[in-house]
Amino acid sequence: HEQVSELQQERAALEAELELVRGRAAELYDALSQERKAQSENRSEAASELSQLRRIVEKQAELLSERVAAVPST
């Protein structure tokens, strides 16, 4: 009877530990999900900034080309 009691206590302890591990796994999953969302937002923002920079450089190149074309050749 004592052995059964010990096994029941061990089982209760293991179940409690399992519940803690499950809780921690859920926390880690949530943290990972938030991190992935933040990375996605950062990539989107960086792509937008690169697009803006590309347009600025293209406009600068166009203006420079116009100025060079406007200079009379000697």
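Helices here are DSSP runs of H or I with at least four residues, strands are runs of E with at least two, and both are numbered from the N terminus. I noted that the model is predicted, that local features need pLDDT of at least 70 and side-chain atom pairs pLDDT 80 or more, while totals for chains, interfaces and linings use all residues. I also noted that residues are numbered from 1 along each chain as its sequence is written, and that side-chain values use heavy atoms, with hydrogens and water left out.

**Entry on the E62 pair.** I found that E62 forms a salt bridge with K59, with the closest N and O atoms 3.7 Å apart; the term asks for a side-chain nitrogen of Lys or Arg within 4 Å of a carboxyl oxygen of Asp or Glu. I then looked up accessibility, where buried means under 20% relative accessible area, exposed means over 50% and partly exposed is in between, with a 1.4 Å probe and protein chains only. E62 has 40% relative accessibility and so counts as partly exposed, and K59, at 44%, counts as partly exposed as well.

**Entry on the other bridges.** How many salt bridges does the structure hold? I recorded four. One of them joins the side chains of E15 and R11 at 3.0 Å, N to O, and these residues are four apart in helix α1, so about one helical turn separates them. I wrote down E15 as partly exposed because its relative accessibility is 44%, whereas R11 counts as exposed because it reaches 58%. Another salt bridge brings together the side chains of R22 and E19 at 3.9 Å, N to O, and both residues lie in helix α1, three residues apart, about one turn of the helix.

**Entry on the nonpolar patch.** I looked up L50, L53 and I56, which form a nonpolar patch on the surface with about 300 Å² of accessible area together. A patch takes residues with over 30% relative accessible area and no salt bridge, joining nonpolar side chains (Val, Leu, Ile, Met, Phe, Trp, Tyr) within 5 Å and like charges within 9 Å. I56 lies in helix α1, residues 2-70, and counts as partly exposed because its relative accessibility is 48%.

**Entry on the whole chain.** The C-alpha atoms fill a box of roughly 110 × 15 × 5 Å along the principal axes, and 0% of the 74 residues count as buried.

Notes:
Accessible areas come from the Shrake-Rupley method with a 1.4 Å probe; for residues, only the protein chains shown count as cover.
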